[in-house]
Amino acid sequence: MARLFVALDVPRPVRRKLLGLMKPRPGVRWVREEQLHLTLRFLGHVEEAMERAVRERLDAVQAAPFSLRLGGTGVFPGPARPRVLWVGAHAEAGLLSLQQAVEAAVVDAGLPPENRPFHPHVTLARLQRPDTAWIRAFLRDHVDFEAGSFTVGHFALYASTLRPTGAVYERLADFPLNA
Ligand code: 2AM
């Protein structure tokens with residue numbers, strides 16, 4: 001069984017801008033550059049037969065390439081208990097229609113529907129200590145942060161392996177957008 005998710009990659013120039021935010025700080029575990037991504041759908045642990053069905057359905061997704069802009073910062077689940085620090089994605093039509101097509105594909109493959117709302121974001125850090133004063137200052141200092149725009153021409157299926165040092169992601173398949 002593999003722990004899977006569907007995500008968008010972030011191109012290098014945009015990753016460099018995100019890395020610029022990552023000043024070392026105790027209790028803040030910054031995401032490594034190669035692991036920066038925007039999750040479209042977390043699938044959880046999936047049996048091999050289901051993984052095959054999901055891949056087939058993802059292969060059949062029809063969606064056009066679109067422009068994506070990353071900017072703004074925030075925390076999950078909220079400022080009172082910050083655990084994840086992120087950069088947002090502007091929820092434009094292209095992104096939402098791809099996310100809906102991916103959702104339909106995985107449900108069609110037989111997985112239960114996602115009932116949580118879609119909050120498009122790129123996780124920058126996991127916060128191991130509730131340093132709310134530092135977080136507040138970070139969010140205030142980066143309220144107008146823009147990481148730039150890029151064209152999304154594909155999405156990918158990833159496997160996530162949990163290690164004591166953090167999750168390690170492996171790209172399993174690439175799906176071009178060509179509708
Ligand atoms: P995150 O970036 O906000 O942590 C692999 O775990 C990817 O799937 C991560 O990008 C993670 O989002 C996302 N994800 C979404 N829902 C998840 C869940 N319930 N458990 C673990 N990861 C989840």
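Predicted model: local features only at pLDDT ≥ 70, side-chain atom pairs only at ≥ 80, totals over all residues.

**Exercise 1.** Determine whether T123 is buried or exposed, and describe its surroundings.

*Solution.* Begin with the secondary structure, where T123 is found in strand β6, which covers residues 121-127. Next, take the relative accessible area of T123, which is 13%; because the cut-off for a buried residue is under 20%, T123 counts as buried. Then turn to the side chain, which makes a polar contact of 3.5 Å with the side chain of H121. Finally, setting aside neighbours within four places in sequence, list the contacts of T123, which are V31, L36, H37, V84, L85 and W86.

**Exercise 2.** Find which strands pair with β4, and in which sense.

*Solution.* Start from β4 itself, which spans residues 66-76 and is mostly covered, with eight of its eleven residues buried. On β7 (residues 146-152), six bridges join the strand to β4 in an antiparallel arrangement, and S67 stands opposite T151 there. With β5 (residues 84-89), β4 pairs over five bridges, again antiparallel, and A89 in β5 is the bridge partner of L70.

**Exercise 3.** Identify the residues with the most contacts inside the largest nonpolar core, and examine the contacts of L68.

*Solution.* The largest nonpolar core comprises 54 residues, and those with the most contacts inside it are L8, L58, L68, L70, L85, L98 and F155. Helix α3 (residues 93-109) gives the most to this core, contributing six residues. For L68, beyond neighbours within four places in sequence, the contacts include L8, L38, A89, L95, F150 and V152.

Notes: Residues numbered from 1 in each chain as written. Heavy atoms only, no water. Helix = DSSP H or I, 4+ residues; strand = E, 2+ residues; numbered from the N terminus. Buried < 20%, exposed > 50% of the residue type's maximum accessible area, 1.4 Å probe, protein only. Polar contact = N/O pair within 3.5 Å; in protein donor to acceptor, adjacent residues only side chain to side chain. Contact = heavy atoms within 4.5 Å. Core = buried A, V, L, I, M, F, W, Y, C linked by side-chain atoms within 4.5 Å. Pairing = 2+ DSSP bridges.
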